[in-house]
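Visitor: Please show me the model, and then we can go through it by question and answer.

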Amino acid sequence: GFTNPTVGIVVDELPYGATVTGNIQAIAPDIDPGDLERAEVLRSPQRTLYGAASMGGLLKFVTVEPSLTAFKGRIEGGVSSVSHGDKAGYRVRASANMPLGDTLALRASGFTLRDPGFVDNLRNGDRDINSTSSKGGRLSMLWKPAEEVSVKLGAVIQDYKRHGTSDIDTALTPRYSQSRLPGSGVYQRKTKIFNATINAQLDSAEITSATGFSLDEAFTNLDGSDAFSGDAQREFGVGGSATPFTRRYDKFSQELRARIALSDNIDWLVGAFYTNESSKLRGRYTANDS
């Protein structure tokens with residue numbers, strides 16, 4: 001059940017996600033759009049440049065780079081509501097670009113948001129259980145000591161939480177409700193990305209060093225009573241069963257490559273790549289009523 005992903009994921013110059021996954025494909029990072037300059041989609045096999053995990057194509061996230069030219073700041077906020085929901089949602093984003101002289105610049109950004117829910121759990125009286133919340137930030141630095149040399153450092157940290165599923169039980173009244181084990185349907189995800197990229201132009205050769213570390217950790221807990229309630233009742237005397245599942249991918253990578261112009265129409269690309277990664281997947285089946 002362990003396979004290679006078929007679509008590669010890259011954040012700037014950092015390969016993201018596990019090379020081998022258990023029954024699931026690589027999961028794209030949920031980067032806040034306020035930190036993205038663009039997203040690139042490359043179709044067809046990209047293995048020559050991006051490795052075996054990109055047999056079906058590549059998804060590349062390019063983050064906003066610090067600017068050496070001017071101080072810039074941005075803040076935005078908003079509120080939202082949803083039908084049948086009790087609480088309002090909100091979102092706040094802020095970012096600032098700060099040049100520190102002619103060769104150094106910093107960019108910092110952060111966000112927090114909440115999307116309201118509208119599904120109630122009649123089993124324990126919890127309301128709006130399918131609300132979601134997310135928060136995070138990014139810090140990046142650009143140092144350009146010469147026109148031919150640049151050093152970029154970046155760090156992204158984000159937390160996401162869904163408090164319950166949006167599934168409803170159609171036989172129940174009111175319409176937007178369910179009767180599930182309390183705490184089931186929870187989904188939590190933590191993402192951390194750290195990278196450093198050095199570029200140097202030496203005559204006809206462009207040298208690039210890309211170093212990165214990423215961590216993606218998720219926890220989910222689903223109501224498995226439909227499948228395992230019989231076992232739970234027979235062994236433990238309760239009619240409910242939950243299936244908590246945890247996964248964690250952490251990955252360190254180092255790439256060194258040189259692009260050498262042999263003529264106006266021919267480039268020669270040579271490089272080396274190293275990765276050290278760990279994938280941990282753990283699932284359980286529990287017997288419980290509450």
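Visitor: Is Q188 buried, partly exposed or exposed?
Guide: Buried means under 20% relative accessible area, exposed over 50%, and partly exposed in between (1.4 Å probe, protein chains only). The relative accessibility of Q188 is 32%. Q188 therefore counts as partly exposed.

Visitor: What kind of model is this, and how are residues numbered?
Guide: It is a predicted model, in which local features need pLDDT of at least 70 and side-chain atom pairs count only at pLDDT 80 or more, while totals for chains, interfaces and linings use all residues. Side-chain values use heavy atoms, with hydrogens and water left out, and residues are numbered along each chain as its sequence is written, from 1.

Visitor: Which strand holds Q188, and which residues does Q188 contact beyond its neighbours within four places in sequence?
Guide: Helices (H or I, at least four residues) and strands (E, at least two) are DSSP runs numbered from the N terminus, and Q188 lies in strand β14, residues 186-202. A contact means heavy atoms within 4.5 Å. With neighbours within four places in sequence set aside, Q188 is in contact with Y160, K161, E217, A218 and F219.

Visitor: How far apart are the C-alpha atoms of Q188 and S134?
Guide: Along the chain, Q188 and S134 are 54 residues apart. Between their C-alpha atoms the separation is 9.7 Å.

Visitor: Which strand joins β15 through 19 bridges?
Guide: Two strands pair if DSSP finds at least two bridges between them. Strand β15 (residues 205-223) runs antiparallel to its partner, residues 241-261, and G212 has S253 as its bridge partner there. The partner strand is β16.

Visitor: What is the bridge partner of R257 in β17?
Guide: β16 and β17 (residues 267-283) pair in the antiparallel sense over 17 bridges. The two form a hairpin with five residues between them. In β17, R257 is partnered by G271.

Visitor: Which residue of β18 stands opposite A242?
Guide: Strand β18 (residues 286-287) pairs with β16 over two bridges, in the antiparallel sense. Opposite A242 stands T286.

Visitor: Why is one side of β3 and of β5 left without a neighbour in the sheet?
Guide: The open sheet has four strands in the order β3-β2-β6-β5, with mixed pairing. One side of β3 (14-15) and of β5 has no neighbour in the sheet because each stands at an edge, with a single partner strand.

Visitor: Which residues make up the largest nonpolar core?
Guide: A nonpolar core is a set of buried Ala, Val, Leu, Ile, Met, Phe, Trp, Tyr and Cys residues joined through side-chain atoms within 4.5 Å. The largest one has eight residues. They are I9, V11, L14, Y16, I31, F61, V156 and I193.

Visitor: Is D35 buried or exposed?
Guide: D35 is in the loop between β4 (21-22) and β5 (36-43). Not counting residues up to four places away in sequence, D35 touches T63, V64, R107, S109 and R138. Its relative accessible area is 3%, so D35 is buried.

Visitor: What share of the protein's residues count as buried?
Guide: The secondary structure comes to two helices and 18 strands. Of the 290 residues, the buried share is 35%.
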